[in-house]
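Here is a short report on a protein model, written for a first look. Keep the structure open as you read.

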Protein chains: 2
Amino acid sequence: MSTTPRRSTTRAIASPWLAGGARTNQREKKRQAVLQTAARLFNERGFHATSLDDIAERLHVSKPTLYYYVKSKDDILLECVRQALAMMQAGIAEVRQGGGRALDQLQACMRIYAGIVLDDFGRCVIRIGEDPLPPPLKKELRRLKAGIDHEFRHLIAEGVADGSLKSCDPKLAAFMLAGALSWIGRWYRPDGTLTPTQIADQGIALLLGGVLAPVPPPAARKRATRKTSP
Amino acid sequence: MSTTPRRSTTRAIASPWLAGGARTNQREKKRQAVLQTAARLFNERGFHATSLDDIAERLHVSKPTLYYYVKSKDDILLECVRQALAMMQAGIAEVRQGGGRALDQLQACMRIYAGIVLDDFGRCVIRIGEDPLPPPLKKELRRLKAGIDHEFRHLIAEGVADGSLKSCDPKLAAFMLAGALSWIGRWYRPDGTLTPTQIADQGIALLLGGVLAPVPPPAARKRATRKTSP
């Protein structure tokens, strides 16, 4: 048997498989696409009314392919909620590190909060919440939420201390502000009349300044009374 | 065979069965007890984590007994949510019929809203919502919710028109106010530090008046500046 010597070459042979790093990246990208599609369907149809089949269909893949990226519908929900809360936490941490007046920081944090609540994953947090998830996972999400809530309380307490905010119970005020912002995730429809930015800007202004008309100063009031009295 | 003549009597014979009306009443009372117990369990443990067995156990009855009053867990949730929304609607209708200043009516409606959201059935509306329910039932509940939302919008528009409220988008403002009040149903714990009345009063005041410290009138600001300047 004659053996032809192998041609030694330094040229890399193009592998039909992706290199480790690129493969992980590709997988992560696809996993994110699964989560995003699922979140959008949950928000459109409700969590219970959405099946893994629906998600697979929307992505043009088979259900077994889906299982390569996610374990279950619960797993998807958990990941969507976890990512939304993690983004919120990171955004708030950045504002806090930047420092500045408490009121400015509060406003910036409210804007971050509203932005995430208006987004696919954030809407899942609000519209579905952790109720369908098993207790240990619920606990993890509650811990994340509590951290965000505490930042709001601290900021409000700082604002009361520096005189930019009214004297109030920071815990209750934090719940009212975050509550109104959270609720946006329930009623917001991407085809509505207001853009996400308009909703956030006008909504935050209403929450900070209230809805009551400003009371005119006493002098103006007296003038107004004089004008109408005979 | 001798026949003893029946003793004719006008005295009513006590029936071991309750008369029609009383029986219906008893059944309705028991059905309400089932709903109330279920709502409390849903709020404590979550809708998914509560089984019909849990509800039966808490009521010291068998599961077949439960089925005499309700068809399913979905049926219970629907009824809890429906009753909460109906109470809200009735309360708001009463305020509207009473008339008076738009701001006073708005405040009264917000108090009714908060009161129901702090209650067992109302907390179900907020914590669970209609997501687990089949589409036709969801639709019914959304119709009820939309009616309540419209009353808030009208009241805000009237308040803007009579000058007691700031110029604002009544739709957005209604969503922000009702949203913050709704969210109470998510965070409220009966063992918390504030009573339901304190939460409602302080929460409504924060929403109407905002959290910003009042800006002192120009004269006072000038005086304050003079004081600190050399």
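## Helices and how they pack

The buried residues of helix 5 of chain B pack against helix 4 (73–98), helix 6, helix 7 (135–161), helix 8 (170–187) and helix 9 (196–209) of chain B. Bear in mind that this is a predicted model.

Which residues of helix 5 of chain B are buried? They are B:Ala102, B:Leu103, B:Gln105, B:Leu106, B:Cys109, B:Met110, B:Ile112, B:Tyr113, B:Ala114, B:Ile116 and B:Val117.

Now turn to chain A. Helix 7 of chain A has its own set of buried residues: A:Lys145, A:Ile148, A:Glu151, A:Phe152, A:Leu155, A:Ile156 and A:Gly159. The cover over these buried residues includes helix 4 (73–98), helix 5 (102–117) and helix 8 of chain A. After helix 7 of chain A comes A:Gly163, with a positive phi near 85 degrees.

| Helix | Residues | Span, first to last C-alpha | Expected span |
|---|---|---|---|
| Helix 5 of chain B | 102–117 (16 residues) | 22 Å | 22 Å |
| Helix 7 of chain A | 135–161 (27 residues) | 38 Å | 39 Å |

Helix 5 of chain B is close to its expected span. Helix 7 of chain A is also close to its own.

## Two helix pairs

Two packed helices are described by the angle between their axes and the distance between the axes.

Take chain B to begin with. Helix 1 (residues 20–45) and helix 6 (residues 120–127) of chain B pack at about 45 degrees, and their axes are 9 Å apart. Helix 1 of chain B and helix 6 of chain B are therefore oblique to each other. The crossing of helix 1 of chain B with helix 6 of chain B is left-handed. From helix 1 of chain B come B:Gln36, B:Ala39, B:Arg40, B:Phe42 and B:Asn43. They meet B:Asp120, B:Phe121, B:Arg123, B:Cys124 and B:Arg127 in helix 6 of chain B. By class, this contact has four nonpolar, two polar and four charged residues.

Chain A supplies the other pair. Helix 4 of chain A and helix 6 (residues 120–127) of chain A pack at an angle of about 110 degrees, with axes 8 Å apart. That makes the two helices, helix 4 and helix 6 of chain A, roughly perpendicular. On the helix 4 side of chain A are A:Leu77, A:Cys80, A:Val81, A:Gln83, A:Ala84 and A:Leu85. Their partners in helix 6 of chain A are A:Phe121, A:Gly122, A:Cys124 and A:Val125. This contact has eight nonpolar, two polar and no charged residues.

## One loop residue

Where is A:Val61 found? A:Val61 sits in the loop between helix 2 (52–59) and helix 3 (63–69) of chain A. A:Val61 has 17 C-beta neighbours inside 10 Å, so A:Val61 counts as partly exposed. Apart from neighbours within four places in sequence, A:Val61 is in contact with A:Ala56 and A:Leu66. A:Phe175 lies 114 residues from A:Val61 along the chain, and their C-alpha atoms are separated by 42 Å.

## Where the chains touch

How many residues does each chain give to the contact? Chain A gives 35 residues and chain B gives 35 residues. On the side of chain A, helix 8 (170–187) and helix 9 (196–209) are the elements that give two or more residues. Helix 8 of chain A gives the most, with 10 residues. By class, the side of chain A that touches chain B has 22 nonpolar, 10 polar and three charged residues.

Notes: Residues are numbered from 1 along each chain as its sequence is written. Chains are lettered from A and ligands numbered from 1 in the order in which they are written. This is a predicted model: local features need pLDDT of at least 70, side-chain atom pairs count only at pLDDT 80 or more; totals for chains, interfaces and linings use all residues. Two residues are in contact if their C-beta atoms, placed from the backbone, lie within 7 Å. Helices (H or I, at least four residues) and strands (E, at least two) are DSSP runs, numbered from the N terminus. Ala, Val, Leu, Ile, Met, Phe, Trp, Tyr, Cys and Pro count as nonpolar, Asp, Glu, Lys and Arg as charged, and the others, Gly among them, as polar. Axes are lines fitted to C-alpha atoms, for helices over the stretch in contact, and angles run from 0 to 180 degrees between N-to-C directions. Angles under 35 degrees count as roughly parallel, over 145 as roughly antiparallel, 65 to 115 as roughly perpendicular and the rest as oblique. A crossing is left-handed if the near helix is turned anticlockwise from the far one by less than a right angle, and right-handed if clockwise. The expected span of a helix is 1.5 Å times one less than its number of residues. A residue is buried if 20 or more other C-beta atoms lie within 10 Å of its own, exposed if 12 or fewer, and partly exposed in between; C-beta atoms are placed from the backbone.
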